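Please open the model in your viewer and keep the selection panel at hand. We will go stop by stop.

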Amino acid sequence: MSRPLLETVDLKTHYGGTRSLLSKPKPLVRAVDGVSLKIQPGEVLGLVGESGCGKSTIAKTLLGLERETEGAILLDGFDVGGRDPAEARKVRSDIQYVHQDPGAALDPWWRVGDTLHETLKIHGVSDRAERQARILEMLNAVGLNEGFLRRYPHELSGGQQRRIGLARTLSLRPRMVILDEPTSGLDLSVQATVLKLMLDLRATYDLTYLFISHDLSVVERLCDRVAIMYLGRIVEIGSADQVFSAPAHPYTRALLESAPTLTRQDSGQVIQGDPPSPTRRPEGCAFHPRCPMAQADCRQSVPQLAEVSDSQSVACPYAMPGQVRPAEAFAS
Amino acid sequence: MSDDILSVRDLKLSVKGDAGLAQILDHVDFAVKPGEVMGLVGESGCGKSTLIRTILGLPPKGARIDSGTVAFRGRNLLDPKEAQQIRGREIGFIPQDPFQAFNPVFTVGAQILEILRWSGLPDDPKGARYDKSLRARHKARLIEVLRAVQIPDPEEALDRYPHQFSGGQRQRILIAGALATRPSLILADEPTTALDVTTQMQILRLLRELAADYNVAMLFVTHDFGVVAQICDRVSVMYAGQTVETGTTPQIIDGPRHPYTGMLMACHPERSTEITGIPGQVSSPLTPPPGCRFAPRCPRATEACTSARPGLLNSRDGRQLACVHEEEFA
């Protein structure tokens, strides 16, 4: 296997937990709690989970907007972790981000063209002609014309705002793009065209995507591999085919069964309860209070990811009977 | 037809704004029968929200009804006085966002009891003053419905603040609030879009059970056909302010006949192998195209489509359809 473009080793990002003299101690939030990921060049890795599971914190940590508490981040084999945010952004400029709500990411008082120029200025492209050339190239790539540069954000539709968001990010010539819920809030017909555009752009510019979403049907059609997160940890990771056709972790199965399909799902167990808050993370496997197959040892120790096939790893000893022994999974 | 609980007939509504006269609704037409869950599907900007507000008797500012009727059991909802009597009593409402629906500084019990104080319950004694005993009756009813929506410890829940509940629980409390007055119709405006998938499925199943148990009809606004398949008995599809197709859920999902419904279904990730979309954009309500509003984006459009608005005709298979190309089969 080739060298991964981006690798994280046991990445942890915790918030709070500090005590100061006069204020109340803030609860410790383990937003990301030991995530190891390898993203190969050119692949689309989906990161799926419910709200509060730490998806967006991973994105912020990778970008350098949050500082990791522990663990390593390797970009192209080089260690880029452990730096303060300003420096981290510099060394990680190959990683860029498309905002979840690109409308909110555009200044309402600025014309789109000015915003796009400013982005490049901040990143040190001082020659106006070069900026203009790059911007026009990217506008063209996302299917918009020069006229959009003179428009204000409110004059754009939701789909056009996403396109501008993509153009803005791509004008920085990143190698890896983190897409945070890129289709949320879009209508079905617009969502389809935006997804198609993202696949086309990946092919044209050799991009690698980390695709954060809670929409399983979108992830299934767009991603090569998919990682399922629950309360700061990855509970299952594997090729999209494998995970969607043979989900192993009980949480993955519950997620897939809960996604509304075009036929009425009368049978099938709906998972009960709400995702617990990361401040009150259950002991052991975080999923055990909602898990239909929880055993005594699930309450005590945290199961580790273990391979169940070439292209699938699961953090549950009872997921695949006979394949992972409990003793093996709980060894940490 | 008189057994319809809600009927919207030929509703045409325009709103006068700074930019001119926007023709938001153009002949919207459908009906909800008692106890039935009716889906209302359309993309953003198709007029769903305006329609919901009009049914609640709260049309947007500057709105003008050009033609048509909206009736709840034969009573005219376009009359503000009549609508005020019905809204919140016989028609309940579940809002889209359970995170914004509550005031954070009051307990949920205080907030819902305050609503019940002004709406009253149908079994309140006539002309009674709002006193402790009436409040206690309201509280008892609220606890009863909170139990029905599976809120653990309902008595205690009343004294808690909104932030102490998760999104799914808040939505359950809002559903309880809507049910408390024993309405015969509930309007639900995308009640699950703000929720996670596992919670969404719980809420959908709950709504389905409640609709059956309490014999409440529901008008369920959504843009997600997956959600429609879970809960709706029938669906009405809107495009740019026009009703284009109404039929049973299987009819619309498995055999859409209007070109727009067909293309929309083809965009669904479950239905398409290749990622497509619908070319073009929704026309502006300020300058709607003549005739069928979908014609500029429709692959089957001909001259007939732009010359006159296709009427909503009853098809032989029971659905209503507004497309000149399907008229011969209607």
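The tour starts at the interface and then moves to a sheet.

This is a predicted model: local features need pLDDT of at least 70, side-chain atom pairs count only at pLDDT 80 or more, and totals for chains, interfaces and linings use all residues. Residues are numbered from 1 along each chain as its sequence is written, chains are lettered from A in the order in which they are written, and side-chain values use heavy atoms, without hydrogens and water.

**Stop 1: the interface.** Select chains A and B. Their contact (heavy atoms within 4.5 Å) takes 35 residues from chain A and 39 residues from chain B. About 3,100 Å² is buried between them, 52% of it on carbon and sulfur atoms; buried area is the accessible area (1.4 Å probe) that two parts lose on being put together, summed over both.

**Stop 2: chain A's side.** Select α6 (188–205), α7 (216–222) and α9 (250–258) of chain A, the elements that give two or more residues to the side touching chain B. Helices are DSSP runs (H or I, at least four residues) and strands too (E, at least two), numbered from the N terminus. The largest share, eight residues, comes from α6(A).

**Stop 3: the sheet in chain B.** Eight strands form an open, mixed sheet in the order β6-β7-β8-β3-β9-β10-β12-β11. Strands pair if DSSP finds at least two bridges between them. Next, β10 (242–248) and β12 (320–321) of chain B run antiparallel, joined by two bridges. Thr246(B) stands opposite Gln320(B) there.
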